Amino acid sequence: MSKIVVEGLYKVFGPTPDKALAMLKEGRSKNEIMESIRHGVGVNNASFAVEEGEIIVIMGLSGSGKSTLVRCLNRLITPSAGRVLIDGQDIMELSSEQLREVRQSKMGMVFQNFALFPHRTVAENAAYGLEIKGVDKETRLAKAHEALELVGLKGWEDVLPAQLSGGMQQRVGLARALALDPDILLMDEAFSALDPLIRRDMQDELINLQEKMHKTIVFISHDLDEALKLGDRIVLMKDGKIVQIGTPEEILTEPADDYVERFVSEVDISRVLTADSIMQKVVAVAHLGTDGPRAALRKMKNHGISSLFVLDKQHTLVGVVSAEQAVHLINAGESDLSQIICTDLKTVLPETPAQDLFGIMHDLAYPLAVVDTANKLKGVIVRGTLLGALSERKGGQRDV
Amino acid sequence: MYRLPVGHVIEEIIEFLVDHLSFATKACSVVVESSLRLLEKGMVAIPEPLFILVAGALVWRLSKDRRLGLFAVLGLALIWNMGLWKATMSTVALVLVATLFAIMLGVPIGIFTAVNRMAYRIIMPTLDVMQTMPAFVYLIPAIPFFGLGKMAAIFSTVIFSMPPAIRLTCLGIKQVPEDLVECAEAFGTSRWQRLVKLELPLARSTILAGVNQTVMLALSMVVIAAMIGAKGLGGEVWKAIQRLQMGRGFEAGIGIVIVAIILDRVLQKAGKQNNNP
């Protein structure tokens, strides 16, 4: 079962939301509705599911409805229509009492402008959620200290938030959410107010923490780089509508429409593309023991290539042979391919970023083999493919 | 031309209230006046030099300002010297009691006003009326309710000095930043918890500014209330007016100024300290 399910969610701002909803369902646009009946459209028919332990990034420009959408998840904003299921429970059906209980136990939230309570110390801020829940002072302060240690703020417990830098304040915000030990973290542009360097640190830290915690995280961002870095999946929004949902790579390589394409054209492709999205299928291999030099040479000729990877019976990669050496071997009258196999070859894992491939491929005599952890051959990359993949993306950029 | 019976209607209402409530108000009057007399007696019973020194030390402690402590000692000594000691004690006691009532009523009403939109719509214009109405007008209905004397003075003083306590309490709560309120909501805070854990602590310095204003207004009203038998320093001024004793009138006036400065500065400092702990 999905942790969070959003089905047909709408949010319209204005005195007569039903009228605007009817217009939306007729397919009228956000601008049309604004002009004709002066209603703002926050979210327009959003549906998606978030799996347990996943980081999902909801991304879009300001005004795209992403902040409204995340506030519908804990009903800080009441949706105009649609359902939000948390652990299968429709939160629209909860009484205000039950809703508070869900907020207290299941969902921690982190805000763009930190929203720390200025009259409370760092520890008291971190303990706030537990205090509201009615946890006794000793326990909640102990948990707050633990959470603060987790985010690297040990020793700062007794100062006031105003004495901390922005990055540290947001750590307190994160600790306040974590102290509750919620299943779900809602992070509303949590790092957007921070300096770029500190933002990157916080992103790394969140990834590290997530490896330990396995929370379900809904992260709002307007920064594609951030989304690509953090997101297991990305939900792209425009004018309150979801334009595309997919893994970072799907968003980059198969943009659903012009809007997404324009969005992703900003990104440094080489940092995001990975080896397995560039690699080509292996057209031919030599099998150790069955193929001799003549067979290998023929395969190379048939496919117009100058070298051939050699696999053993278990289909694991052994090495590579070149056409030149195969010819030498035939001229010498030998028939054992293993004599000329070069086993000293470079391999990369499928998830290696394209950025790193440039360094590896520089002055490499053979194509680069992409193998999995069991050393099974998954594909090959030749320098031409790598540059081709990149220039293809760049070309797309120019068209927009 | 037809004359609208505005005054007549108000008179009828007040008469009706007096007829049906005077037993309660008169009883209230007895209780308050006797406790006030006790407080006054206690203050006067303390030997003046001791009182002056203790008051000076207290002002110093509260304001953390040595010069203000010194000013309090010298000022009070001057009042004693001018033979206005008893009158001053009576005024201070009256101000204390009136302020206490004004705050005990004003702060909760202010909270209610901030929390309830309907109350806000009704109370805010009422406060505007209360604050622009000339202070003397409050003296008139006080007499039928409580009879001439201190209770009537306290009643009109409370009415006159309460608006800033209500207004600034309400303002303090309403100006708590929206994002903090949202954050509190996101953590499942109930309305009551939000008030106690977030809004009141953040509104504290604003509320204290309101308390300060209330005390100042109470002091000024207590002087005016001398006309309906509040006695004290205001009573001295009132007497001086009737007898055209300019010197005596200014002496009492200086006494009021000294008390006002001491109260104002101490309360202001207290408010600031709470603002930046």
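The following paragraphs lead through a predicted model of two chains, A and B.

Residues are numbered from 1 along each chain as its sequence is written, and chains are lettered from A and ligands numbered from 1 in the order in which they are written. Because the model is predicted, local features need pLDDT of at least 70 and side-chain atom pairs count only at pLDDT 80 or more, while totals for chains, interfaces and linings use all residues; side-chain values use heavy atoms, with hydrogens and water left out.

The C-alpha atoms of chain B fill a box of roughly 65 × 65 × 35 Å along the principal axes. Of its 277 residues, 45% count as buried; buried means under 20% relative accessible area, exposed over 50%, and partly exposed in between (1.4 Å probe, protein chains only). Among the contacts in chain B with a separation of 6 or more, 79% join residues 24 or more positions apart, a contact being heavy atoms within 4.5 Å.

Two residues illustrate these terms. Asn212(B) lies in helix α9 of chain B and counts as buried because its relative accessibility is 9%. Leaving aside neighbours within four places in sequence, Asn212(B) is in contact with Asp264(B), Leu267(B) and Gln268(B). Pro144(B), in helix α6 of chain B, has a relative accessible area of 34% and is therefore partly exposed. The C-alpha atoms of Pro144(B) and Ser22(B) are separated by 8.0 Å, although the two residues are 122 residues apart along the chain. With neighbours within four places in sequence again left aside, Pro144(B) is in contact with Val18(B) and Lys26(B).

The pockets come next. Rolling a probe the size of a water molecule over the atoms shows where empty space is left. On a 1 Å grid over the protein atoms alone, a cavity is a set of points where a 1.4 Å probe fits but cannot get out, whereas a pocket is an open set with protein on both sides within 12 Å along at least five of seven lines; lining residues have an atom within 4 Å of a point. Grid points are joined across faces, edges and corners, and a volume is the space filled by probe spheres set on the points.

The largest pocket has a volume of about 670 Å³. It is lined by 26 residues, of which Leu58(B), Val92(B), Leu96(B), Ile262(B) and Leu263(B) are the closest to its centre. At least two lining residues come from each of α2 (48-63), α3 (66-81), α4 (85-115), α9 (191-224) and α11 (246-275) of chain B, and α4(B) gives the most, with 10 residues. The lining has 24 nonpolar, 2 polar and no charged residues; Ala, Val, Leu, Ile, Met, Phe, Trp, Tyr, Cys and Pro count as nonpolar, Asp, Glu, Lys and Arg as charged, and the others, Gly among them, as polar.

The second largest pocket has a volume of about 580 Å³. Of its 18 lining residues, Ile10(B), Ile14(B), Val137(B), Tyr138(B) and Pro141(B) are the closest to the centre. Two or more residues of this lining come from each of α1 (6-45), α5 (117-132), α6 (139-146) and α7 (150-174) of chain B, and α1(B) has the largest share, 6 residues. By class, the lining has 14 nonpolar, 2 polar and 2 charged residues.

Between the chains, the contact takes 23 residues from chain A and 16 residues from chain B. Chain A and chain B bury about 1,800 Å² between them, 65% of it on carbon and sulfur atoms; buried area is the accessible area (1.4 Å probe) that two parts lose on being put together, summed over both. In chain A, His119(A), Tyr128(A) and Ile132(A) lose the most area to chain B, together 27% of what that side buries.

Chain A also contains strands. From strand β6 (residues 107-110) of chain A, Met107(A) and Met109(A) point one way and Gly108(A) and Val110(A) the other way, and all are buried. β6(A) pairs with strand β7 (residues 184-188) of chain A in the parallel sense over 4 bridges; two strands pair if DSSP finds at least two bridges between them. Met109(A) stands opposite Leu186(A) in β7(A).
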